[in-house]
Amino acid sequence: MNFRKIVILFVVYFISSNLIGQSNFDKGFLPKVVLSKKVSNTLKWVNSLESRTIMYDDEDQFSLNLLDISSIISLKTNLNQSFNFGYILRFRDTETIHRTFQHYNVVNQFTSLKVGHRFAFEQFYQTKRNTTLRSRYRVSIEKPLNGEKTDVGEFYLKFGNEYLYDFQNTDLEVRFTPYLGFKASKTDRVEAGFDYRVGNFISNTTENNLWFRVTWYISLN
């Protein structure tokens, strides 16, 4: 299945999910900056800052919904495998949420296609609330628009599909993320696109969220 078919399926799913049945719908922006530094051949330190701004339907007003500050240690154990151990400090409205997580990543490089898999476990800690546990699985496909690899000054396409299961609420969230990426330099790249989320997938009330995401990746090496 090529990227054109994947994007078409995403659009069809998005339209149908908003036309059929009752659902809640939020939209807004997700800007993010990611700083990474290679400590050794097997160890990398990754830090990021991300905010979420909601645009309200009634008056098209904007409101800062949350702010995430994260730090990750990534350990490469094989040519295509790695483990991440991280912490996120989230400020949402008047709440402060602490999150720890563990990732197992597998990336397979084909001729002009990169396919990645991520298996994750997360723990949420909040005052006066029980610890929340969540598991995640994401598959992503990346393809350069020119040639077999993305050189400086060239664009690439990236599509992701993720499934998140909340053990406390026993419910599922599904995410679709089509992005257009640009390699600005050897140490900088930018990705922009949509992050569409369908929450409460198992329960009766579906929550739809559509975010426009822009991520700037900066390597300090």
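Mentor: Let's talk through the salt bridges and then one arginine.
Mentor: Bear in mind that this is a predicted model, where local features need pLDDT of at least 70, side-chain atom pairs count only at pLDDT 80 or more, and totals for chains, interfaces and linings use all residues. Residues are numbered from 1 along each chain as its sequence is written, and side-chain values use heavy atoms, with hydrogens and water left out.

Trainee: Okay, how many salt bridges does a search of the whole structure find?
Mentor: It finds 15. A salt bridge here is a side-chain nitrogen of Lys or Arg within 4 Å of a carboxyl oxygen of Asp or Glu.

Trainee: Which residues are linked in a network of salt bridges?
Mentor: Arg99, Arg118, Glu122, Arg134, Arg136 and Glu162.

Trainee: Start with arginine 99. What does its side chain meet in a salt bridge?
Mentor: Glutamate 122, at 2.9 Å from N to O. That pair links distant parts of the chain, 23 residues apart: arginine 99 is in strand β5 (residues 95-109) and glutamate 122 in strand β6 (residues 114-125). Strands are DSSP runs of E, at least two residues, numbered from the N terminus.

Trainee: Are those two buried or exposed?
Mentor: Both arginine 99 and glutamate 122 are buried. Buried means under 20% relative accessible area, exposed over 50%, and partly exposed in between, with a 1.4 Å probe and protein chains only. Glutamate 122 has a relative accessible area of 3%.

Trainee: And which arginine from strand β7 pairs with glutamate 122?
Mentor: Arginine 134; strand β7 covers residues 132-144, so this pair ties together parts that are twelve residues apart in sequence. The N to O distance in that salt bridge is 2.8 Å.

Trainee: Switching over, what does arginine 118 form a salt bridge with?
Mentor: Glutamate 162, with the closest N and O atoms 3.0 Å apart. Arginine 118 lies in strand β6 and glutamate 162 in strand β8 (residues 155-166), so parts that are 44 residues apart in sequence get tied together.

Trainee: Why does arginine 118 count as buried?
Mentor: Because its relative accessibility is 13%. Glutamate 162 counts as buried too, at 7%.

Trainee: Back to arginine 134. What is it in contact with, leaving aside neighbours within four places in sequence?
Mentor: Contact means heavy atoms within 4.5 Å. Arginine 134 is in contact with Arg99, Ala120, Phe121, Glu122, Phe124, Leu164, Tyr165, Asp166 and Phe167.

Trainee: What's its relative accessibility?
Mentor: Arginine 134 is at 15%, so it counts as buried.

Notes
Helix = DSSP H or I, 4+ residues; strand = E, 2+ residues; numbered from the N terminus.
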